[in-house]
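Subject: Structure handover

Hello,

Here is the structure for you to look over. My notes follow below it.

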Amino acid sequence: MTWWRRLVGGSSAPHSGKTDFLKEALDLEARGDYGNALTSYRLALRERPDDLRVLQNIAIAFSKTGQPEEAIRTYRRALQLDPNLAGAHYGLAFLLLKRSDTVHAGMHLESYLRTSNADDPQASKFREHAERTLMQLQNASMQQAEQDGYATEGAQDGHEAGDHWQAPADEPRRDEY
């Protein structure tokens, strides 16, 4: 943590080894210093632009520092490199949910459940959360379909199609991703 040590008053004497920016970023993040962790992650990413661990960790740090668009972009970059990267699917799904992009969030939750290790005890709480969220999305989608079907039936009975239910004007288009 060369630059960090200098910043907080540590020794400025050069050390013999190359700085491990990923290790430094993880240490800073563990202390809750996400802003400085981002700097170290960026330096690590500069050295290893295709490192999946760095990409996932920097996406998490972007999320925790209120930069969801950067996080989404970074998760997508990681998924370009490895489409089966379970953690990236999980993180991206919940960022997309915050955007109200339920269709693509559901697709990433399904991908997460397909690619994550069901036998890993550490993954169980994340899998349960993903399964629960996916079930809620599916239930909401079915309710929406029923409402849409009801509006169509009403139109056949001589009512206007919009008389019973109308989508909010600010609802995101399903083709936006």
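Is Tyr90 buried or exposed? Tyr90 is buried, because its relative accessible area is 17% and the cut-off for buried is under 20%. Keep in mind that this is a predicted model.

**Aromatic rings**

Tyr90 also has a ring partner. It pairs with Phe126 in an edge-to-face arrangement. The ring centres are 5.5 Å apart. The planes stand at 90 degrees to each other. Phe126 is partly exposed, at 34% relative accessible area, whereas Tyr90 is buried.

Tyr90 sits in helix H6, residues 86–98. Phe126 sits in helix H8, residues 124–156.

In total, the structure has three aromatic pairs. There is also an aromatic cluster, made up of Tyr90, Phe94, Tyr112 and Phe126.

**Salt bridges**

A search of the whole structure turned up six salt bridges.

Start with Glu69 and Arg99. Their closest N and O atoms are 2.5 Å apart. Glu69 belongs to helix H5, residues 68–81. Arg99 is in the loop between H6 and H7. Glu69 is partly exposed, with 39% relative accessibility. Arg99 is partly exposed as well, with 33%.

Next come Arg73 and Glu70. This salt bridge has its closest N and O atoms 2.4 Å apart. Both residues lie in helix H5. They are three residues apart, about one turn of the helix. Arg73 counts as partly exposed at 48% relative accessibility. Glu70 is partly exposed too, with a relative accessible area of 31%.

Then there are Glu131 and Arg127. Here the closest N and O atoms are 3.9 Å apart. A salt bridge needs the nitrogen within 4 Å of the carboxyl oxygen, so this pair counts as one. Both residues are in helix H8, four residues apart. That spacing is about one helical turn.

Glu131 is partly exposed, at 39%.

Glu131 has one further distance to note. Its C-alpha atom is 8.4 Å from that of Glu110. Along the chain, Glu131 and Glu110 are 21 residues apart.

**His104**

Where does His104 lie? It is in helix H7, which covers residues 102–115. His104 is buried, because its relative accessible area is 10% and buried means under 20%. Its side chain makes a polar contact with the side chain of Asp101. The distance is 2.9 Å.

**Where to look**

View the Tyr90 and Phe126 pair, which is edge-to-face. View the salt bridge between Glu69 and Arg99. View the contact between His104 and Asp101.

Best regards

Notes. Residues numbered from 1 in each chain as written. Predicted model: local features only at pLDDT ≥ 70, side-chain atom pairs only at ≥ 80, totals over all residues. Heavy atoms only, no water. Helix = DSSP H or I, 4+ residues; strand = E, 2+ residues; numbered from the N terminus. Buried < 20%, exposed > 50% of the residue type's maximum accessible area, 1.4 Å probe, protein only. Polar contact = N/O pair within 3.5 Å; in protein donor to acceptor, adjacent residues only side chain to side chain. Phe/Tyr/Trp six-rings, centres within 6.5 Å; stacked < 30°, edge-to-face > 60°. Salt bridge = Lys/Arg side-chain N within 4 Å of Asp/Glu carboxyl O.
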